[in-house]
Amino acid sequence: MSGMPTTSLDRDRAYSLLRDLVVSGEFAPDEPLSERSLSTRLALGRTPIREALKALAHDGLLTIHPMRGTFVRQMSFDDLREIHELRLALEGMAAYLAATRGPTEPLRHCAEELRRIQSGATLDVEEAQQVGWAFHDELFRATGNGRLAQAYDNLRAQSGLALQKMRQYSIERTRQAVSEHLEIYAAVAAKDPDAAQQRMWRHLSSAFEARLTALGAIRTQYPGQGDNSA
């Protein structure tokens with residue numbers, strides 16, 4: 001009787017722990033993920049580890065190469081572009097819906113933290129990023145739409161994977177992002193859905209450009225992909 005629930009719990013736990021390790025940059029790009037070593041490391045059976053690896057590959061976080069092994073997916077320019085476009089759709093809608101309902105208490109708390117960070121003499125980039133992610137998470141919760149929040153969950157993990165190569169955002173960009181979050185919040189608090197959506201789009205586009213610049217990508221490739229062929 002106890003076998004089935006334990007297996008299900010182990011599978012969920014393996015998925016959650018492995019996803020956190022992948023997104024946090026724990027594994028080198030050329031490091032094959034071994035079921036045996038992961039099983040030992042996480043103190044879980046090889047079956048839930050195997051199932052979790054398959055699920056993470058399905059979610060776009062891992063790549064399975066037959067005969068070579070399973071590796072953390074390396075994000076291409078097209079991957080970054082697709083993630084960005086999907087974020088525009090989902091997070092723009094989240095900002096719009098949250099503004100129709102007004103801010104929740106947790107969203108207000110995020111705004112207070114952002115104001116504290118903004119007014120500080122020095123800026124802790126890592127702290128600002130953590131509060132920024134929390135702001136996005138709470139914005140989705142404020143929509144009252146569970147399906148929208150669920151769709152964002154997987155995108156959130158892929159965004160985290162895409163950010164691995166650029167751990168150090170500049171202080172200037174981080175300050176700008178804090179201000180952009182507060183502008184989005186002001187529109188949500190004012191119950192102005194159109195302004196909230198537009199400000200979210202501007203925020204995501206600024207972040208995307210900063211990301212490409214930090215990664216050394218060629219900005220002219222986006223959005224006119226056919227530009228070089230002329």
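Predicted model: local features only at pLDDT ≥ 70, side-chain atom pairs only at ≥ 80, totals over all residues.
Is R81 buried or exposed, going by its relative accessibility?

Now the answer. R81 counts as buried, because its relative accessibility is 14% and the cut-off for buried is under 20%. R81 sits in helix α4. Its side chain meets that of D78 in a salt bridge, 3.4 Å from N to O. D78 is in α4 as well, 3 residues from R81, about one turn of the helix. D78 is partly exposed, at 37% relative accessible area. One more point on R81. L212 is 131 residues away from R81 in sequence, yet the two C-alphas are 9.8 Å apart in space.

Next, helix α4 itself. α4 has 25 residues. From first C-alpha to last, α4 reaches 36 Å, close to the 36 Å expected at 1.5 Å a residue. Just after α4 comes G102, with a positive phi of about 95°.

On to the cores. The largest nonpolar core has 26 residues. Within it, L107, F135, L139 and V188 touch the most other members. Helices α4, α5, α6, α8 and α9 each supply at least two residues of this core. Which helix gives the most to this core? That is α8, with 6 residues.

Take V188 as an example. Leaving out residues up to four places away in sequence, V188 touches A95, A98, A99, G102, P103, L107, L139 and A196.

Now the strands. β1 covers residues 62–65 and β2 covers residues 69–72. They run antiparallel, joined by 4 bridges. T63, for one, has F71 in β2 as its bridge partner. The hairpin leaves 3 residues between the strands.

Look at M67, in the loop between β1 and β2. Most residues other than glycine have a negative phi. M67 is exposed, because its relative accessible area is 88% and the cut-off for exposed is over 50%. K191 also has a positive phi, about 55°, and is not a glycine either. K191 is found in the loop between α8 and α9.

Last topic, charges. Side chains of opposite charge can pair when their charged atoms come close. How many salt bridges does the count give? The count comes to 14.

One of them joins E35 and R50, at 3.2 Å from N to O. E35 lies in α2 and R50 in α3, so this pair ties together parts that are 15 residues apart in sequence. R50 counts as partly exposed, at 33% relative accessibility.

Another pairs R173 with E180, their closest N and O atoms being 3.0 Å apart. R173 is buried, at 8% relative accessible area. E180 is buried too, at 9% relative accessibility. Then there is a network. Salt bridges with shared partners join E35, R46 and R50.

To wrap up, back to where we began. R81 is buried, at 14% relative accessible area, and R81 has D78 as a salt-bridge partner.

Conventions
Residues numbered from 1 in each chain as written. Heavy atoms only, no water. Core = buried A, V, L, I, M, F, W, Y, C linked by side-chain atoms within 4.5 Å. Buried < 20%, exposed > 50% of the residue type's maximum accessible area, 1.4 Å probe, protein only. Contact = heavy atoms within 4.5 Å. Pairing = 2+ DSSP bridges. Expected span 1.5 Å × (residues − 1). Salt bridge = Lys/Arg side-chain N within 4 Å of Asp/Glu carboxyl O.
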